[in-house]
Amino acid sequence: MKKRVLSALLAAALTLSLACPALAVTSRDDAAQALAALDIMTGDENGDLNLSAPVTRAEFVKMLMAASPISVGDVTYVSPYPDVPASHWAAPYVEAAVTAGYVTGYLDGTFRPANTITLAEGVVMALRLLGYSNEDFSGSFPAGQMSMYKTLDLDEGIAIGQNDTMKRQDAMYLFYNLLTAPTKTTGQPYLSSVLGYGLTPEGEVDTLALLNGTMDGPVVVGESGWRDKIPFDLSTARVTRNGAASTAEALSDHDVVYFSKNMRALWVYTNRVTGPIQAITPASAPTSVTVAGKSYAIETSSAAFALSDLGSFEVGDPVTLLLGRDGKVAAAVAPGTAADTSFCGVVISNVPQQYTDKYGNDYTAASVTVLATDGNTYTCSTDRTSVRTGTLVQVTTTAGGAEVKNLSTASLSGRVSSDGARLGGRDFAADVEILDVYGDHGVRVYPQRLAGMELTDGMVRYYLLDGSGDISRLILNDATGDMHTYGVITSVSEVNVPGSMTTAGTYVYDVAGAVHTLTGSTVYNVENGPFLLKTDGGEIDRFANLTEVKLTSVEGTTAYAGNRQYAIWDDALVYEVRDNEYYPTSLALVSGGDYALTGWYDKDQTDGGRIRVILAK
């Protein structure tokens, strides 16, 4: 089966990829983000890439050198060509490109930096980055080079002819395609073998890894000199706060900020946790700290010093941790200097835990472990000794410990808008946290996951409104099914003894390559193939086969069966089926070529259902 379109990268690399949910972005956005991260092509002071503008030879050479492994300074005292004096802004780049053998001038001894560049000229320079020279091609110029340009797939996204003027969009695609093209000498992708950055398992540019490798920070707003560390005007920056678009004006003290000079972008985090310090490891040079039963990796040297044996905190002291990306500690401050933490969620464990006081003495205290609406789990000591698992609670952590209160159920119903922006008549807050719970386990979901769904009173267990009347916290009751187990049943043995009440069942099933066996007196009347396993942590509530649909094509996270489309679960399991055996694989590896794909879903999409398993034969 041929797929419709190869969905490029997911990983919304500028915003959501650095925080929470992932949304599909266009291939043009992938290219723009990757080249901006590498400083090959950046926008103007307003972030505009001006993709429709023609490219001059001087501009292209600057991009070329940015894409090369050669570092170029801002100043040169050499005039590489008569029409490129040392005072010309492009002189350092032209000089470096000429020295490296990437570019030559015209026969009359000029470079003509202001002339627009043709596709053929740009292709020749790109091929030289890959290790090719004129001697590698025979025939009239540039026939051999243009043939290699197509062979290496450098032409993807480019529709102009060899003698046409390149626009900035053409240059963007040429350099983006160059990143995954093999070099002449090694046969390995240019991005990894020359520039030293990794690719995805599918061999695509890993935009998120590029951003991770080129991002600076963190800095903490309000600390001395924090503003001077960000090398661009904040008023022109693109700002993302906890995964949602924001503004520089919204920055406040104790925000944790990461930034990219090339992309003129800020990523801001406001996650905090407050409580007594339970452990610091190791004391002399801390790499982690434990507060509220959760261990946090320490990200900055300033936080490590504050929590070390030379700093201002020790085990047993109250502290507020300012958390950045991936929940790592960017700073440690005294409670009260930053907002204390209150969170809500479902109790998943009530087992007593061992703690250490400020004098190094161990003690055991009643504790609860809570899966919070932010998707994290927190373990807190409490004076309550009988908080049952599955209970919805609000936990307020203070310098002295944690206060745990039961949450009252709150009725709310309505349809979620198609853009995931509102539920019924109420908007979702920009920083809304949503937890879908079943029994004593659950999963964090995002508003777009609920788009188009009708949520009844029975599907909403709790909600909280912020000061603007928007929904800031929402706990659902098995609305999506995303917390259940999916996979394939590989063996079934079911026994019903005639004339008696004796039954027995043995089921072997595979979940992403992990094999499990379920045995007992219950017969579930299932057969080999994709399944749903639903349990509240104790007894199995449902063990059933999924519903089959033959797929005709796949585009990103959408599957098509004729003229009907189905949403694919972000964590869908994909298996290649050979000789009745199931081999875990990925959608990228089977959605092209001659595979026939079958999707298996749990319920209708309007009820939150998704294709959970895909089989390829």
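Strand S6 (residues 271-281) and strand S9 (residues 318-323) run antiparallel and are joined by 6 bridges. Strands here are DSSP runs of type E with at least two residues, helices are runs of H or I with at least four, and both are numbered from the N terminus. Within this pairing, asparagine 271 stands opposite leucine 323 in S9. The model is predicted: local features need pLDDT of at least 70, side-chain atom pairs count only at pLDDT 80 or more, and totals for chains, interfaces and linings use all residues. Residues are numbered from 1 along each chain as its sequence is written, and side-chain values use heavy atoms, with hydrogens and water left out.

Step back to the whole sheet. S6 and S9 belong to an open sheet of 5 strands in the order S8-S7-S6-S9-S10, with antiparallel pairing. The edges are strand S8 (294-297) and strand S10 (329-333); each has a single partner strand, so one side of each is left without a neighbour in the sheet. Neighbouring strands of this sheet are turned by 45 degrees against each other on average, direction ignored. Such angles run from 0 to 180 degrees between N-to-C directions, and the axes are lines fitted to C-alpha atoms, for helices over the stretch in contact. Two strands count as paired if DSSP finds at least two bridges between them. In general, strands of a sheet pair through backbone hydrogen bonds, either parallel or antiparallel.

Now look at the backbone. The peptide bond from phenylalanine 141 to proline 142 is cis, with omega near 0 degrees. Proline 142 lies in the loop between helix H4 (119-129) and helix H5 (143-151). A cis bond also runs from glycine 217 to proline 218, with omega near 5 degrees. Proline 218 is placed in strand S1 (residues 216-220).

Positive phi comes next. Asparagine 50 is not a glycine, yet its phi is positive, at about 50 degrees. Asparagine 50 sits in the loop between helix H1 (27-37) and helix H2 (57-67). Is asparagine 50 buried or partly exposed? With a relative accessible area of 35%, asparagine 50 is partly exposed. The cut-offs are under 20% for buried and over 50% for exposed, with partly exposed in between (1.4 Å probe, protein chains only). Histidine 254 also has a positive phi, about 80 degrees, although it is not a glycine. Histidine 254 lies in the loop between strand S3 (244-246) and strand S4 (256-260). Histidine 254 counts as buried, at 18% relative accessibility.

Turn to the charges. A salt bridge here needs a side-chain nitrogen of Lys or Arg within 4 Å of a carboxyl oxygen of Asp or Glu. By this rule the count is 17 salt bridges. One of them joins arginine 241 and aspartate 255, at 2.9 Å from N to O. This pair links distant parts of the chain: arginine 241 is in strand S2 (residues 238-241), aspartate 255 is in the loop between S3 and S4, and they are 14 residues apart. Arginine 241 is buried, with a relative accessible area of 17%. Aspartate 255 is buried too, at 0%.

Which residue forms a salt bridge with lysine 405? The partner is glutamate 403, with the closest N and O atoms 3.7 Å apart. Glutamate 403 is partly exposed, at 44% relative accessible area, and lysine 405 is partly exposed at 46%. Elsewhere, salt bridges that share partners join Arg449, Asp482, Asp602 and Arg612 into one network.

Some charges also meet rings. A charge sits over a ring if NZ of Lys or CZ of Arg is within 6 Å of the ring centre and within 35 degrees of the ring normal. The charged end of arginine 612 sits over the ring of tryptophan 569, 4.8 Å from its centre. Arginine 112 lies over the face of tyrosine 106, at 3.8 Å from the ring centre. Arginine 112 also forms a salt bridge with aspartate 108, with the closest N and O atoms 3.0 Å apart.

Last, the rings themselves. Rings of Phe, Tyr and Trp (its six-membered ring) pair if their centres lie within 6.5 Å; planes under 30 degrees apart are stacked, over 60 edge-to-face, and the rest tilted. The count comes to 14 aromatic pairs. Tyrosine 132 and phenylalanine 137 form a tilted pair, 5.9 Å centre to centre with 35 degrees between the planes. Both tyrosine 132 and phenylalanine 137 are buried. Ring pairs also link Tyr507, Tyr509, Tyr524, Phe531 and Phe543 into a cluster.
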